[in-house]
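Here are some exercises on reading a model through its confidence, its helix packing and its chain contacts. Try each task yourself before you look at the solution.

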Amino acid sequence: MLPLNDTEPNRYSFFPIMTVILMIINCFVFYIEIFVIGDNYWPFFMQYAATPRLILSAQGGGALSNVTAMFLHGGLFHLLGNMLALWVFGRRVEDACGPWRFLAFYLLAGTWAHVLFVLVQSDSRIPGIGASGAVFGLMGAYLLLYPGGRIRTLVFVSFVPLWPRIRAIWVVLYFVGIQIIPAIQILLRKEDYSVNHWAHLGGFFSAVFILLFLRPEAFARYLSDTVV
Amino acid sequence: MASAEVLQRAIQSARAGRKVEARDLLLQIVEVDPRNEMAWMWLSGLVDTLEDRMIACENVLTINPANEKVRAYLTELQRQYKSSLVQKNVTDAIDLFNRARVYAERNDVDTALRLAEQALEKRENYEEAWLLIGRISPNLNQQIAALEKAYKLNPSNAQTASALEQLRYLKSNPMGAAARLEQLGKFEEALKVYNELAAKTKNSKEFDHIYKQIIRIEGLQNEKIRYVAPTSAIARLTFAWPSLYLSLALIQMGLNPFAHPAFYLWLGLPLVIVGSFLLSLAEVRSSHIVWQKLFGEHGDASNFARFLAAAAGWFLVIVPHVLLVLDSLNRLQNFKIPPMPL
């Protein structure tokens, strides 16, 4: 299942400028990772990624590393998957917040993703990277704001590609659902996984903060049970 | 029986305290002889109401304008009558005003206004009634006129002075007035103001902008959007940036604010709150006390005042975040990179 596009139009703004800027920064940082840092990635990640042991011992970059970690990616598909989700779920969330508050919410969701990651895997020395925590925050926010929204999604039925418009709730629940079992396994076995499932869940649950970031008109609509 | 005899009997009855009998006899006399001065004089003391006494005295004076004693008595009666009339008007006015207030609380503005106006007919210098009209009237001119009267009656009332200034500001800035009505959830009234403005600005540059506002408000009306007071919108938005700063500060302090106390991080929080408040204030159109205190502006502030508030807000929000980054960079300089786990 691959979400491709949110088919509904914007209501308040013409263009999702901050979403696009975030996508450009992510791509630019990935370019730096590949072509400038190259094989010498370990010291770079230690300094600019979110490592639970370092955060808990107040070593390393702290808040700065927490933010920079959101722009680092471990591979091209990691980057593309996150950017696609950022575009699909971020556009209308930005529309409801305005660009600056959207940025603040994005960073907040990414931060709470790291907070949960650090709390659950406090002994881990594996650096956490990727925009996925923040993107899961956007998914949660999208679900809160547009529960009736429909997402054009690529699905394969017996190797046949289809792209129906699926209700956002099913798309989001699918992506959150596939985090739960590995997250429980991490908790029980105290093992490090290559995918940061607890950060995804942390980002998703931080979506409740979105109500603080909405434009006044969008908030009034949210309270009035009309489409935000 | 001759009228002189009847008069004597009436006087005797009056002196003996038989007032009703005396009055009946005197009335018989004046019916037959309307120019009987003595009968009218005695009657003026025997009739029940102030009005009847005054009529009797006036009749005496018509017959004999030189009767100074009766003239003086009539003047005293007139004074008493006037004072009783004023007292009655005051009581009536208070009663009408109290009813007007009840209707105003029930949002029945038309009835409340009618009753307040009736109260003012009874007692023109009724400050509270003028204030009520100034508060509830949907007509800006009527509001201003009412508050002017109230202010004239009591120039020491600072609240009236401030409200009056605010209304005058709105009168000179109809767009601001319409935006304010919209904030208060009074879409109908806002639409009325915009429609009036549209009629005035037809064929000018402003018309397009006003027309867009009309379309937007009609849309809001159709959607039946719930009214959210500007104060609560400002309060909600004020918490947005501090929630981010607090999260970042917690990460910086190793999720334990007591183990690694960083004084300036906590000092930054109130700055971010104030900055976020100013940003919210600049965004939400409202007649906030800050505009009045800092810029002396009534109603929602001018673009310049809002620009200043936004600039100050951004500064206060960004500075603590920059301090966080500087602290992080400082930590990174002293950071020994651990070896890669095998």
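This is a predicted model: local features need pLDDT of at least 70, side-chain atom pairs count only at pLDDT 80 or more; totals for chains, interfaces and linings use all residues.

Residues are numbered from 1 along each chain as its sequence is written, while chains are lettered from A and ligands numbered from 1 in the order in which they are written.

**Exercise 1. Find where confidence is lowest and highest in chain B.**

Step 1: Start with the whole chain.

Step 2: Go to the helices (DSSP runs of H or I, at least four residues, numbered from the N terminus). The lowest confidence in chain B is in α16 (residues 289-295), with a mean of 77, and the highest is in α14 (residues 240-252), at 94.

**Exercise 2. Describe how α7(B) packs on α8(B).**

Step 1: Take angle and distance, with axes fitted to C-alpha atoms over the stretch in contact and angles running from 0 to 180 degrees between N-to-C directions. Helix α7 (residues 127-136) of chain B and helix α8 (residues 140-153) of chain B pack at about 155°, their axes 7 Å apart.

Step 2: Classify the angle. The pair is therefore roughly antiparallel (over 145 degrees; under 35 is roughly parallel, 65 to 115 roughly perpendicular, the rest oblique).

Step 3: List residues in contact (C-beta atoms, placed from the backbone, within 7 Å). Among them are Trp130(B) and Leu131(B) of α7(B) and Ala146(B) and Leu147(B) of α8(B).

Step 4: Sort by class. Seven are nonpolar, three polar and two charged (Ala, Val, Leu, Ile, Met, Phe, Trp, Tyr, Cys and Pro count as nonpolar, Asp, Glu, Lys and Arg as charged, and the others, Gly among them, as polar).

**Exercise 3. Which helix gives the largest share of the side of chain A that touches chain B?**

Step 1: Count both sides. In total, 36 residues of chain A are in contact with 33 residues of chain B.

Step 2: Pick the helix. α6(A) supplies the largest share of the chain A side, nine residues.

Step 3: Sort the chain A side by class, which gives 21 nonpolar, 12 polar and three charged residues.

Key:
Helices (H or I, at least four residues) and strands (E, at least two) are DSSP runs, numbered from the N terminus. Two residues are in contact if their C-beta atoms, placed from the backbone, lie within 7 Å. pLDDT is the predictor's confidence in each residue, from 0 to 100.
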